[in-house]
Amino acid sequence: MIASPPSMAFEPRQTSDVTSVRAGAGRLWRGMELWLEEERERLPLWVPVALGTGIAAWFVLPNRLEWLAFCCAMLAAACGALVLPPGGRVRRAIVAGSLLACAGCLLVWAKAMMWGAPPLPHAAFVELTGEVRSVDRLPARQMSRVLVRPVGMPALPSLIRINLDDAIAPAGVGEGAIIRFRARLMPPAPPSLPGGYDFARRAYFDGIGATGRALQPISVLRPATAEPPLRARLFAHILERAPGQGAGIAAALATGDQGAIAEADAAAMRRSGLAHLLSISGLHVTALIAAVIFLSMRVMALSRRAALDWPLMLVAACGGALAGIGYTLLTGAEVPTVRSCVAALLVLGGLAMGRDAITLRLVAAGALAVLLLWPEALVGPSFQMSFAAVVALVALGEHPRFRAFLLARDEGMGRRIARNLAGMLATGLAVELVLAPIALFHFHKAGVLGSVANLVVIPLTTLVVMPLEAAALLFDLCGWGAPFWWLTARALDLLLLVAHGVASSPWAVVLAPVQSGLAFGLILFGMLWCLLWRSRWRWAGLMPVTAGVTMILATPAPAILISGDGRHVAIRTAQGGMAMLRERAGHYMREAMTESLGHDGMPEAMAALPQARCSPDLCAVRLRGGGRNWNLLLTRSGMRIDPAILARDCARADIVVSDRRLPRVCRPRWLKADRAYLAATGGLAIDLDHGVIRSVKARNDEHPWMTRPVDRPRPFRAGQL
């Protein structure tokens, strides 16, 4: 038998592989199109998310080259999507999302260039004459914050914020007054520690270029002739009329000004998860508008002609809208108030047209309006927590099972009350879960028992405190408001009792050290994915949420914290505690360092540690990290140290920290963080176990509120020495 020659034809393997890949890509494409078709009503919800992505990119990326690179990448993505099959939702979604992200980056960039106020380049001791633009009283701290516009001093910023102690404040200081005083002006303060509050960024967009404290003598060249603004007069009136400890809270509920609240009460409200009551937001605006609509409907119903011929709901909705706008302007038009007012106006418009307006589209419209007007608000905790809470509430309320659970039915009063309480508890838990990562990122702590406290406090505030306070203000016009103020004070005493009781629990809050922006971004994206979609693919958002939570749990507390001025240093002890260099550090610095380390308690004195050797001028501490010992040398006084002694001690140390400029003879084995070095890097957080250093200032940072670009400290690996 003759064997047939081998075939010279190509094997069909490659063709089959290509065909199978094309078939798989086609199935994937059709699946994505079907999914977006199913979610077509939810696609507009991602418009503010896409715009916010571009805004966030501008804040995260350090310089203009990277901002331009981001915009070019988004435009390239939009152009690349044009080669996809036309008519599909995937193509339109990619094009629209990319263009919106590019627009968001350009929007905040343009506002920063045209609107912001450059900071004072360096500290200066000056005597200036200025016109008072506003006075914000802080009775709890016995001082006022005064915004001053310098007159005849072009070298100074156009707006300066001055702290004026009540003990030295002369009469006649008010809006429109011209005063002369001495002050040591400083640029707005950046974060003292990595992950801390960035006042410099906020001051830039608020137009404030310098801060300081007024010193005597203070001369009033022209006293204020106009009356204080309505908000200031209302604030002072409430403090005068409301008796008891809760007067500051009563003033905050009406005006949004929290300056009269005692620090202990404010801390208890924050720890118990009730601080949202002090910021004018959805609860206050909704309660006011609902009260105006209710009263308007009842008053108009007294007229037979109005009840039969007038569109009562439309008229009442217009009255509620005007009340909401006036309340927003009265309380200073902060971001949560503006968001709540915009949302309320959309709800009223929907109700007037007979439509269901309480939807996620309403929330998206409010977020879009705020981002277009105040794009810088995106990176603040107020915007994030306000919208996250509302999205969680509306998404839970739209869920069919939850809506069916709360649906009215024929049942006994006990079962109805229990069901409503269960619904309130579920909404409280949902809000706590959504707000926890935001609070951990910004404040390094999150409430745990807030949902329980809100079960009591929200009905108390909405149904008792605010109506009583409104009645007291109304009857004060006739001089009959004292009984209502007494009742308001008793209700506020109950509110504070709940706040302090919950705050005293050791399980009131959960703490975490400084977190990375990557973990925070993953959690936010995952939560939005779960809340904004409806199909089963929404549960894919749990993957980035899980990854972000895992990163938070795996992030250790830094071993060393150094403030930006070098005066304050905190270390993590081997027993899990915390010790600070200066025992008499102020409350603000102690709280900032304990929160950054995730420590709940009072810090120890570093000099009292067994591994520390301290003199009046120097303190040497031995730390354990990365499998080896680290020698830390700190200066603790302003006295001059003999150069020979300083050179000897520096040579024995791995890290030297000082609030002064150290001479060249001080040469530690790894890091010399003196005044010159910290002026370039800002505050530092050092993790000795993993060889990670975080600084406040990034290299080549060109954001307009920052100082000149700096070099970061050289990296190291633990145990390399």
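**Group meeting: a predicted protein chain**

Good morning. Of the 721 residues in the protein chain, 45% are buried, where buried means under 20% relative accessible area, exposed over 50% and partly exposed in between, with a 1.4 Å probe and protein chains only. This is a predicted model, in which local features need pLDDT of at least 70, side-chain atom pairs count only at pLDDT 80 or more, and totals for chains, interfaces and linings use all residues. Residues are numbered from 1 along each chain as its sequence is written, and side-chain values use heavy atoms, with hydrogens and water left out.

I turn to the overall fold. The protein chain has 23 helices and 18 strands; these are DSSP runs, numbered from the N terminus, with helices being H or I of at least four residues and strands E of at least two. Among contacts (heavy atoms within 4.5 Å) between residues at least 6 apart in sequence, 63% join residues at least 24 apart. The C-alpha atoms fill a box of roughly 125 × 90 × 55 Å along the principal axes.

Now to the backbone details. The peptide bond from Gln216 to Pro217 is cis, with omega near 0°, and Pro217 belongs to strand β5, residues 210-222.

Two non-glycine residues with positive phi deserve mention. Gln142 has a phi of about 55° and sits in the loop between β1 (124-138) and β2 (143-150). His444 has a phi of about 65° and occupies the loop between α16 (413-443) and β6 (445-447). Which of the categories, buried or exposed, applies to His444? His444 counts as buried, at 3% relative accessibility, whereas Gln142, at 58%, counts as exposed.
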